[in-house]
Amino acid sequence: MSDSASATARIPSGRKSLAASSERIALGPLDGRYAGAVAPLVDYLSEAALNRDRVGVEVEWFIHLTNHNVLPGTEPLTAVQQAGLRAIVTEFDAAAVKELADIENITVHDVKAVEYFIGNRLAALGLERLKPLVHFGCTSEDINNLSYAVGVKGAVEDVWLPAARALVAKIAEMAEENRAVPMLSRTHGQPATPTTLGKELAVTAFRLARQLDRIAKTEFLGKINGATGTYAAHYASVPAADWEAVAKGFVESLGLVWNPLTTQIESHDWQAELYADMARFNRILHNLCTDVWSYISIGYFAQIPVPGATGSSTMPHKVNPIRFENAEANLEISNALLDTLGATLVTSRWQRDLTDSSSQRNIGVAFGHSLLAINNTLGGLGRLDTADAVLANDLDHNWEVLAEAIQMVMRAEAIAGVEGMEDPYERLKDLTRGQRVDAERMQEFVSGLGLSSGAQDRLLALTPSTYIGIAESLVDHLQK
């Protein structure tokens with residue numbers, strides 16, 4: 001190829017900058033390609049939601065102090081004044097986000113900007129005199145820890161848990177529908193004692209449900225005790241108040257659990273516990289995705305095509321299991337972040353450093369990738385059909401899996417005093433290991449063992465499809 005031809009094949013280096021576009025272009029997939037799927041989290045874990053919750057915590061602290069006459073010179077606010085203060089939170093919109101950002105450009109401090117944002121609105125409510133009460137006795141972390149706790153709690157309870165429960169319910173529904181569908185097991189990837197498709201799905205539903213129970217019981221802790229957790233400024237300014245009682249009552253009024261012992265920061269242990277449980281849920285779900293992908297690969301599940309969709313850009317016949325593959329990737333990204341958050345947030349140098357501040361800004365990203373994976377898995381499961389004929393054919397071509405049953409019956413017969421039952425394992429191993437055994441050969445072998453009539457009849461009636469123990473009834477444990 002000539003130099004001139006080579007030059008024309010390159011992507012032009014002078015292309016326009018997309019960052020200069022008048023329309024904001026997302027850098028990451030959660031704010032771009034998948035924005036619709038994770039949109040519910042924006043109200044809880046975005047930067048704007050964090051600022052709204054900061055405003056909310058500051059407003060409620062202001063009201064709490066006045067309602068309880070904590071400081072001399074204050075008295076309970078009127079209903080109109082309280083409603084006016086809370087309207088600052090409920091009416092927090094895009095204009096408020098911009099105004100707060102403009103203030104922060106001057107203060108170069110996010111929480112101080114919140115204090116000024118609220119202070120600017122007090123005169124209109126007849127509360128100009130009480131401007132010093134905004135952020136009274138607080139360090140930034142008093143506001144931040146409570147705001148994050150409120151936001152994470154809302155995201156878990158209102159968005160993530162409902163989505164996860166819907167997924168588990170779908171898996172449980174599939175388990176029930178397939179409870180009696182026999183399936184060849186594949187321990188170590190090799191043919192093994194049969195089970196039912198429903199029982200295998202029930203195992204996953206049960207595992208996931210246990211993690212959801214743990215997550216639902218999360219304690220969301222909070223504190224409001226000053227610069228190093230000693231209430232020093234509180235008692236220096238208002239020594240007559242019972243500040244621990246005031247703080248405990250306030251934290252609990254937000255629906256949180258009061259943490260009585262902290263440094264400048266709330267220790268974040270509850271976050272690490274929550275993220276570990278969420279990561280464990282993600283890992284179990286990842287296991288389901290890889291198993292279902294594999295079952296699709298060997299034909300146990302047939303995928304229902306989406307009208308108009310393309311499976312492959314060049315192979316028209318393909319229906320790719322892309323939802324499960326997408327879920328796998330997003331679960332891995334979510335867990336990388338959840339694991340990092342859990343490891344980072346439990347550590348702080350002495351009484352305070354800012355590593356937690358930077359780390360916590362990625363909570364929404366971790367939740368977003370998990371939520372996206374849950375939605376993709378749910379969508380993928382919804383487009384599966386059980387291939388009963390494939391499952392039955394697979395079983396019929398693996399009669400050697402009955403070797404376990406035969407040698408166990410022989411052991412029981414030997415214990416009962418039946419002659420000729422020596423070396424059952426070895427005899428079945430010689431018959432079946434590394435070779436296929438069909439129904440005729442297996443039944444011929446059983447008939448020549450000299451078993452008692454009851455034991456022989458039982459084994460002769462057994463097939464790979466019926467050798468499933470109580471797998472079908474085990475699905476009932478999902479209802480307990």
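**View 1. Tyr295 and Phe301, two buried rings.** Both Tyr295 and Phe301 are buried, where buried means under 20% relative accessible area, exposed over 50% and partly exposed in between (1.4 Å probe, protein chains only). This is a predicted model, with local features needing pLDDT of at least 70 and side-chain atom pairs counted only at pLDDT 80 or more, while totals for chains, interfaces and linings use all residues. Residues are numbered from 1 along each chain as its sequence is written, and side-chain values use heavy atoms, with hydrogens and water left out. Ring pairs link Tyr295 and Phe301 with Tyr300 into a cluster. Here a pair means rings of Phe, Tyr or Trp (its six-membered ring) with centres within 6.5 Å; planes under 30 degrees apart count as stacked, over 60 as edge-to-face and the rest as tilted.

**View 2. Trp160 meets Phe281.** There are eight aromatic pairs in the structure. In this one, the ring centres of Trp160 and Phe281 are 5.0 Å apart and the planes sit at 70°, so we call it edge-to-face. Trp160 belongs to helix 7 (residues 140–177) and Phe281 to helix 11 (residues 269–297), so the pair ties together parts that are 121 residues apart in sequence. Helices are DSSP runs (H or I, at least four residues), numbered from the N terminus. Trp160 is buried at 0% relative accessible area, and Phe281 is buried with a value of 0% too. Back at Tyr295 and Phe301, the centres are 6.4 Å apart with planes at 70°, so that pair is edge-to-face.

View 3. His234 sits in helix 9 (residues 232–237). With 1% relative accessibility, His234 counts as buried. Setting aside neighbours within four places in sequence, His234 is in contact (heavy atoms within 4.5 Å) with Gly137, Ile224, Asn225, Gly226, Pro239 and Trp243.

View 4. The domain assignment, automatic or from a database, gives domain 1 (41–139), domain 2 (141–305 + 320–390) and domain 3 (399–463). The C-alpha centres of domain 1 and domain 2 are 31 Å apart, and 23 residues of domain 1 touch 34 residues of domain 2 by the contact rule. Across this interface the rule finds two salt bridges, each a side-chain nitrogen of Lys or Arg within 4 Å of a carboxyl oxygen of Asp or Glu.

**View 5. Asp110 with Arg361.** Asp110 and Arg361 form a salt bridge, and their closest N and O atoms are 3.3 Å apart.

Terms used. Helices (H or I, at least four residues) and strands (E, at least two) are DSSP runs, numbered from the N terminus.
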